[in-house]
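Subject: A structure for you to look at

Dear colleague,

I am handing over the structure below, and I would be glad if you kept it open while you read my notes.

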Amino acid sequence: SQARLRSLEGREERLRELAASEAKAWAAYRQQAATVHDLRAQAARKLAAAVTKELQTLGFPRSAFSVALAEAAPRASGTDASEFGFAPNAGEPSQPLRAIASSGEISRVMLATKAVLSAHDRVPILVFDEVDANLGGEVGLAVGRKLRTLAKRHQVLCITHLPQVAAHGEAHFVVSKREQDGRTLTEVKAVDQASRVDELARMMGGREVTKSVTAHARELLARAAE
């Protein structure tokens, strides 16, 4: 009862102590949040420049990637909200990536971002779908090389119709569909090294696999191995 009485009698003083402690904590938080904001702004500029450089080798020669910081409600990570921006063509303003990019564009932006952050990213498995949309030739080879580099630090799974990309995989699987008893079944078959030239030639020439197409497939594998 005496302890309860002391608590009641000292309530106003205790409230003042708590208010002072709260004000001190908020002051320390705001100081640390400002420091984090400055560091985040520096990192955002570096990330934007590095990803833009990567995108220029992945079929976006005149594109720009940006990272915008906006003030947000206080939380454990600070008072910043970040937004990735993307301008795929020269002369166009940067807009939120989530709002304007197609699935193929997002895949390539993700590939560029992961290539920049691969040494720091702890995500073990990366899946890329449609990363080769509207690509071909040397740009396709550049995407394949980037995926192979990324695979040094992560398990990379890539769904592709482009032989220039497929040639860079360490393992190659063919996905096909067939009908059986009125149902559509999907099959996944591993392609061994001996059959890989034939599969890449099929990807290039369709049903008409000529000697020149086969030679091109063999050269493509050799270039990827280099």
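This is a predicted model: local features need pLDDT of at least 70, side-chain atom pairs count only at pLDDT 80 or more; totals for chains, interfaces and linings use all residues.

Residues are numbered from 1 along each chain as its sequence is written, and side-chain values use heavy atoms, leaving out hydrogens and water.

The protein chain contains 8 helices and 7 strands, which are DSSP runs (H or I of at least four residues for helices, E of at least two for strands) numbered from the N terminus. Its C-alpha atoms fill a box of roughly 95 × 50 × 35 Å along the principal axes. Of the 226 residues, 31% are buried, a word that here stands for under 20% relative accessible area with a 1.4 Å probe, counting protein chains only.

There are 3 aromatic pairs in the structure, where rings of Phe, Tyr and Trp (its six-membered ring) pair if their centres lie within 6.5 Å, and planes over 60 degrees apart count as edge-to-face. The pair of Phe60 and Phe86 is edge-to-face because the ring centres are 5.5 Å apart and the planes stand at 85°. Since Phe60 lies in the loop between α2 (11–55) and β1 (64–75), and Phe86 in strand β2 (residues 78–87), this pair ties together parts that are 26 residues apart in sequence. Phe60 counts as buried at 6% relative accessibility, and Phe86 counts as buried at 0%.

Definitions and conventions: Rings of Phe, Tyr and Trp (its six-membered ring) pair if their centres lie within 6.5 Å; planes under 30 degrees apart count as stacked, over 60 as edge-to-face and the rest as tilted. Buried means under 20% relative accessible area, exposed over 50%, partly exposed in between (1.4 Å probe, protein chains only).
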